Amino acid sequence: MAEAYSVGQVMAQAVAATKGTDNAKIISYLHSGVELASVQGPVKFDALGENGAAAAFVFQWQKGNYRQVLPSATTGSVSITATKPPWSS
């Protein structure tokens with residue numbers, strides 16, 4: 001869900017900066033090296049369209065909840081459960 005919201009945030013910033021929805025202008029703007037903000041952190045595309053500012057996140061099911069575990073220093077991360085807990089009867 002956050003991914004879709006992030007895309008919308010980046011597009012909204014690009015549309016505002018280029019003052020329109022012209023695809024070529026938006027692509028040129030996004031590939032210019034400008035840094036944008038999203039709920040997933042900073043976004044900065046290179047000339048090929050790769051987001052060099054992206055951070056990888058790892059999630060894990062813990063006690064029936066989908067929890068963010070990495071990067072560990074990021075707000076919202078919890079400790080990794082490295083060993084499988086014993087089965088309960």
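Let's start with the hairpin of E3 and E4. It has 2 residues between the strands, and Lys63 there takes a positive phi near 50°. Strands here are DSSP runs of E with at least two residues, helices are runs of H or I with at least four, and both are numbered from the N terminus. This is a predicted model, where local features need pLDDT of at least 70, side-chain atom pairs count only at pLDDT 80 or more, and totals for chains, interfaces and linings use all residues. Residues are numbered from 1 along each chain as its sequence is written, and side-chain values use heavy atoms, with hydrogens and water left out.

E3 covers residues 58-62 and E4 covers residues 65-70. They pair in the antiparallel sense over 5 bridges. Two strands pair if DSSP finds at least two bridges between them. Phe59 has Gln68 in E4 as its bridge partner.

Now, is Lys63 buried or exposed? Lys63 counts as exposed, at 86% relative accessibility. Exposed means over 50% relative accessible area, buried means under 20%, and partly exposed is in between, with a 1.4 Å probe and protein chains only.

Lys19 sits in the loop between H1 and H2. Its phi is near 60°, again a positive value in a residue other than glycine. Lys19 is exposed too, with a relative accessible area of 75%. Most residues other than glycine have a negative phi, and most peptide bonds are trans.

Leu70 and Pro71 are joined by a cis peptide bond, with omega about 0°. Pro71 is in the segment after E4.

Ser79 is in the segment after E4 as well. Ser79 is exposed, at 63% relative accessible area. Leaving out residues up to four places away in sequence, Ser79 touches Gln62 and Val69. Contact means heavy atoms within 4.5 Å. From Ser79 to Asn51 is 28 residues in sequence and 27 Å in space, C-alpha to C-alpha.

Next, the core. Which residues make up the largest nonpolar core? There are 6: Val10, Ala14, Ile26, Leu30, Leu36 and Val43. Helix H1 (2-18) and helix H2 (23-30) each supply at least two residues of this core. A nonpolar core is a set of buried Ala, Val, Leu, Ile, Met, Phe, Trp, Tyr and Cys residues joined through side-chain atoms within 4.5 Å. Nonpolar side chains tend to be buried together in soluble globular proteins. Take Leu30. Not counting residues up to four places away in sequence, Leu30 touches Val10, Ala14, Leu36 and Phe45.

Now Ser38, in strand E1 (residues 35-38). Ser38 counts as buried, at 13% relative accessibility. A polar atom of its side chain lies 2.8 Å from the backbone oxygen of Gly41. Beyond four places in sequence, Ser38 is in contact with Ser6, Gln9, Val10 and Val43.

H1 gives the most, with 4 residues.

Technical notes. A polar contact is a pair of N or O atoms within 3.5 Å; within protein, one must be able to donate a hydrogen and the other to accept it, and residues adjacent in sequence count only if both atoms are side-chain atoms.
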